[in-house]
Amino acid sequence: MIDKYQIYLVSDSTGETLDRIFTAIKAQFENFNYYSQQFSFTRTQNQINNILEDAKKNKDSVILYTIVDNKLSNFLIKRAKEKNIPCFGVLDDLIINFSKLLKKKATHIPSGQHALNEEYYDRIEAIQFTMNHDDGNLTEDIEKSDIILLGVSRTSKTPTSIYLANRGYKTSNIPMINSKSVPEKIKKKSSLCIVGLTTEPERLHDLRKNRMNSIKETESTNYTNLEKIVKEVNDAKKIFKRYKWPIIDVSRKSVEETAASVIKIYEINKKNA
């Protein structure tokens, strides 16, 4: 019986793509016992040889790679086969098939997705905008936002905003305390993509208690009073419905899932604008 797999994540770039793909793969298998090592910016045969020598020491090694240089990837495949080490390229077939579909040759340039092009600088601008408009700040130019998130405290507004910013969306988030929390200028702007985030009061109660404990705050406050939280959540929902803003329940959603739902709403809103 295999105790633990040794997973070697080999990339010719930052390894971010490969890491995400492996995360998706391992989520499909229960009790998957493994230890992973990441090898970024692997661009020489000497680096490949060193990785394979290390992998050979472990009988349950597996190599996953994203290497766009054909010569180097073929070298890895050949040497891994010689050493009887399972080796899988996670992008190879996709690149080949897209090349056929588009009738174009792939550039095979490492770090191509990190090129300093207009899209890259737009993303950096979105991140800067989002950080400046976190937690209700700088509402005077909030209409410049691609997306505006509203919600009571601890409904994942900030992490969702940051994730959206990394996807290139200028995102503002506003904490819902009462009806006056909502800037007047967005109440009348039907063209803006405004999304309300909500969650189950009981879950919110637990999150807030944990938050208070983490900052060593023991005094009982309205912030952690379940009855007050129920009213807070319901009042926020009433405001969302009054202005016909879409609502997402984040109770059992990861930040990525919440962001995906927000992006879908944004695309629909953009299409209908």
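Modeller: Helices are DSSP runs of H or I with at least four residues, strands are DSSP runs of E with at least two, and both are numbered from the N terminus. This is a predicted model, in which local features need pLDDT of at least 70 and side-chain atom pairs count only at pLDDT 80 or more, while totals for chains, interfaces and linings use all residues. Residues are numbered from 1 along each chain as its sequence is written, and side-chain values use heavy atoms, with hydrogens and water left out.

Colleague: How many helices and strands does the protein chain have?

Modeller: Helix 5, at residues 118–132, is one of the helices, and strand 5, at 147–151, is one of the strands. For the protein chain, the count is 10 helices and eight strands.

Colleague: What is the radius of gyration of the protein chain?

Modeller: The radius is taken over C-alpha atoms, and the globule rule is 2.2 Å times the number of residues to the power 0.38. Along the principal axes, the C-alpha atoms fill a box of roughly 70 × 45 × 25 Å. For 273 residues, a compact globule would come near 19 Å, but the protein chain has 24 Å.

Colleague: What percentage of the residues of the protein chain count as buried?

Modeller: Buried means under 20% relative accessible area, exposed means over 50%, and partly exposed is in between, with a 1.4 Å probe and protein chains only. Out of 273 residues, the buried share is 33%.

Colleague: Which loop holds Lys244?

Modeller: Lys244 has a phi near 60°, which is positive although the residue is not glycine. Most residues other than glycine have a negative phi. Lys244 is exposed because its relative accessible area is 75%. Its place is the loop between helix 9 (226–242) and strand 8 (247–249).

Colleague: Why does Asp135 count as partly exposed?

Modeller: Asp135 is in the loop between helix 5 and strand 5, and its phi is also positive, near 60°. Asp135 counts as partly exposed because its relative accessibility is 47%.

Colleague: Is Ser145 buried or exposed?

Modeller: Ser145 lies in the loop between helix 5 and strand 5. A contact means heavy atoms within 4.5 Å. Not counting residues up to four places away in sequence, Ser145 touches Phe129, Lys170, Ser172 and Leu192. At 8% relative accessibility, Ser145 counts as buried.

Colleague: Which residues does Gln45 contact, leaving aside neighbours within four places in sequence?

Modeller: Gln45 is part of helix 2, which covers residues 45–56. Its relative accessible area is 36%, so Gln45 is partly exposed. With those neighbours left aside, the contacts of Gln45 are Lys71, Leu72 and Phe75.

Colleague: How far apart in space are Gln45 and Ser261, C-alpha to C-alpha?

Modeller: In sequence, Gln45 and Ser261 are 216 residues apart. In space, the C-alpha to C-alpha distance between Gln45 and Ser261 is 43 Å.

Colleague: What is the distance in space between Lys270 and Leu94, C-alpha to C-alpha?

Modeller: Lys270 lies in helix 10, residues 255–272. Lys270 is exposed, because its relative accessible area is 54%. Lys270 and Leu94 are 176 residues apart in sequence, and their C-alpha atoms are apart in space by 30 Å.

Colleague: How many disulfides does the structure hold?

Modeller: A disulfide is a pair of cysteine sulfur atoms within 2.5 Å. Cys87 is partly exposed, since its relative accessible area is 21%. Cys193 is buried, at 4% relative accessibility. The number of disulfides in the structure is zero.

Colleague: How far apart are the centres of the positive and negative side chains?

Modeller: Lys and Arg count as positive and Asp and Glu as negative, while His and the chain ends are not counted. The place of a charge is NZ of Lys, CZ of Arg, CG of Asp or CD of Glu. The protein chain has 44 positive and 35 negative side chains, and the centres of the two sets are apart by 3 Å.
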